[in-house]
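Good morning. Please have the sequence and the model open on your screens while I talk.

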Amino acid sequence: MALIIFGSEGNVGRRLMAAWPGAVGIDRAPGADIVADLETIDYEEPRIAGLLADAEGVIHVATSPDVDAPVDTRTPPLEPPEPAAPVSTDTAPLLAPDDAVA
């Protein structure tokens with residue numbers, strides 16, 4: 001199985017790498033199979049593109065080890081959700097007689 005583990009050199013990533021021998025580790029820390037920063041990695045570089053194309057699974061545990069770092073440095077900002085469609089408050093259809101019952 002071709003498995004890629006982003007954040008392979010962190011606490012959780014090292015355990016996952018041990019649990020899945022043969023997985024490919026990507027991390028900015030030395031010791032990873034591919035040493036790269038996820039912000040600047042060239043996803044079109046043939047080795048990276050081929051690895052991603054052949055992957056059967058990806059586990060992403062890469063994050064900042066600094067728990068006091070601003071959230072936007074640890075995860076991308078979320079887009080606000082689309083507004084929900086208005087809900088009808090018309091109860092008349094609920095009170096209509098049921099013509100299907102004889």
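**Overall layout**

The protein chain has four helices and four strands. Both kinds of element are DSSP runs numbered from the N terminus: helices are H or I with at least four residues, strands are E with at least two. Read along the sequence, the pattern is β-α-β-β-α-β-α-α.

Some notes on the model. It is predicted, so local features need pLDDT of at least 70 and side-chain atom pairs count only at pLDDT 80 or more, while totals for chains, interfaces and linings use all residues. Residues are numbered from 1 along each chain as its sequence is written, and side-chain values use heavy atoms, with hydrogens and water left out.

Of the 102 residues in the protein chain, 22% are buried. Buried means under 20% relative accessible area, exposed means over 50%, and partly exposed is in between, with a 1.4 Å probe and protein chains only.

**The sheet**

In what order do the strands sit in the sheet? The order is E3-E2-E1-E4, in an open sheet with parallel pairing. Two strands pair if DSSP finds at least two bridges between them. The edge strands, each pairing on one side only, are E3 (34-35) and E4.

Let us look at E1. Three bridges join E1 to E2, and the two run parallel; Phe6 has Ile26 in E2 as its bridge partner. With E4, E1 pairs over four bridges, also in the parallel sense, and there Ile5 stands opposite Ile59.

In a regular strand, side chains alternate between the two faces of the sheet. E1 is covered on both faces: Leu3 and Ile5 are buried on one side, Ile4 and Phe6 on the other.

**The cores**

A nonpolar core is a set of buried Ala, Val, Leu, Ile, Met, Phe, Trp, Tyr and Cys residues joined through side-chain atoms within 4.5 Å. The largest one has nine residues: Ile4, Phe6, Val24, Ile26, Ile34, Ala36, Ile41, Ile48 and Leu51. E1, E2 and helix H2 (46-54) each supply at least two residues of this core. There is also a second, separate core of five residues, among them Leu3, Ile5, Leu16 and Ala23.

**Helix H1**

Which residues of H1 (residues 11-19) are buried? They are Gly13, Leu16 and Met17. These residues lie on the same side of H1 because they cover an arc of only 100 degrees around the axis, the arc being that of the directions from the helix axis to the C-beta atoms. On the other side of H1, Arg15, Ala18 and Ala19 are exposed.

The cover over the buried residues of H1 includes strands E1 (3-6), E2 (24-27) and E4 (57-60).

Last, Val61, in the loop between E4 and helix H3 (71-74). Is Val61 buried or partly exposed? Val61 counts as partly exposed because its relative accessibility is 29%. Leaving aside neighbours within four places in sequence, Val61 is in contact (heavy atoms within 4.5 Å) with Ile5, Phe6, Gly7, Val12, Gly13 and Leu16. Val61 and Glu9 are 52 residues apart in sequence and 9.7 Å apart in space, C-alpha to C-alpha.

That is where I stop.
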